Amino acid sequence: MLDCAIIGGGPAGLNAALVLGRAKRKVVLFDNNQARNKVTQESHGFITRDGVSPSEFRELAHQDISKYPAVKVKRVKVVGIKKESRNLFTVTTEEGKVFTCKKVMLTTGLKENLPRVKGINEYYGKSLFSCPYCDGWELRDQPLVLIGENSNTTHLAKMIYQWSHDLVVCTNGKSVLEGDDELLLKRKGLIIKKERIETLSGSNGKLEKVIFEDGTTMNRVGGFVTTDLQQPNNLAISLGCELNHTNGIIVDDFGRTNIEGVYAAGETTFSGPSQLIIAAGQGVRAAAGINYDLIMKEFTSGEF
Ligand SMILES: Cc1cc2nc3c(=O)[nH]c(=O)nc-3n(C[C@H](O)[C@H](O)[C@H](O)COP(=O)(O)OP(=O)(O)OC[C@H]3O[C@@H](n4cnc5c(N)ncnc54)[C@H](O)[C@@H]3O)c2cc1C
């Protein structure tokens, strides 16, 4: 039987696997490599790894965990997790294989929905991004656009202003600016365009123009978009994990959810800001939580 099944091989799951492997725990890390940052070419802000590509980051992490023989990686999707008894879970993969484990860690990240604008996927991750901490430096002081379709638009506009004052906020026909938001942004020199966007134009993922349905265009070299985030699957819900108002799994400081034996870390807990290093750190805390709980169980009940 496994000590722990980790579902999700992004920074949270990978760092958790490293820490549990070093604690001599028998672990399987399941991953189907569908992280939302797959579209980007470089990741920034992780000390010693600034500018690394998402695939290189994972490759280096796999090299690190391969040193610990009790950790195995399965490149497969998990389709079901069942709590069979107090200290026993079964994890079922897409291929129909079943694994038993004492603890489960959900590090499944989030699913994001982009604004509904024609052509947006061509630019997302190359010149349009979602987080200025991740990609603001590369776009600094340039003519930018913010395509904002949700209530985070004003907040994100204020944030982006730190990196570039030349900012057009496009609401794409949505009423997302509340109260005196519009006035506040205009006072700082931001341009607000409420018209619906017809399409985006550019080449090789580099944005050049935003074209509006009213026939007007604006030259922009890149920018940001608001995203709507949700759990990527129903694993947490099917286990009975409580979610917060932004759909993140509620955890304590050591990744424990409300379901005994189920832990969660990284973006799936939606605690922000979205950063590799924060997800990795949360993975470490949850791994420490699991190891601690296993040790305490052994000393108090002798069950394991
Ligand atoms: C475009 C973009 C650019 C970004 N740039 C940066 C940056 O420059 N710097 C930075 O610090 N952060 C950046 N981020 C944020 C960063 O990617 C996330 O904060 C981080 O990846 C979250 O890590 P995680 O381990 O929680 O989840 P993820 O990295 O999303 O990993 C979750 C993993 O779980 C797997 N999974 C989910 N469900 C299952 C299942 N049922 N079975 C098996 N596997 C499953 C997924 O396939 C995925 O591999 C960026 C994000 C985006 C979208």
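Helix H1 (11-22), helix H4 (132-135) and helix H8 (276-300) each supply at least two residues of the shell around the ligand. Helices are DSSP runs of H or I with at least four residues, strands are E runs of at least two, and both are numbered from the N terminus. This is a predicted model: local features need pLDDT of at least 70, side-chain atom pairs count only at pLDDT 80 or more, and totals for chains, interfaces and linings use all residues. Residues are numbered from 1 along each chain as its sequence is written, and side-chain values use heavy atoms, without hydrogens and water.

**Ligand shell**
- Among the 37 residues around the ligand, Asp 31, Asn 32, Gln 34, His 44 and Leu 276 come nearest (near: a heavy atom within 4 Å).
- The ligand lies between domain 1 (2-110 + 231-300) and domain 2 (113-225), because both give residues to its shell. The domain bounds come from an automatic or database assignment.

**Polar contacts** (N or O pairs within 3.5 Å)
- Gln 34 places a polar backbone atom 2.6 Å from a ligand oxygen.
- For Asn 33, a backbone N or O atom is 3.4 Å from an oxygen atom of the ligand.
- Val 78 has a polar backbone atom 2.9 Å from a ligand nitrogen.
- The protein covers 97% of the 1000 Å² of accessible area that the ligand has on its own (Shrake-Rupley method, 1.4 Å probe).

**Annotated region**
- An unreviewed UniProt entry annotates residues 3-283 as "domain: FAD/NAD(P)-binding". Such annotations may be inferred rather than shown by experiment.
- Residues 3-283 are 22% helix and 28% strand, with end C-alpha atoms 16 Å apart.

Notes. A polar contact is a pair of N or O atoms within 3.5 Å; within protein, one must be able to donate a hydrogen and the other to accept it, and residues adjacent in sequence count only if both atoms are side-chain atoms.
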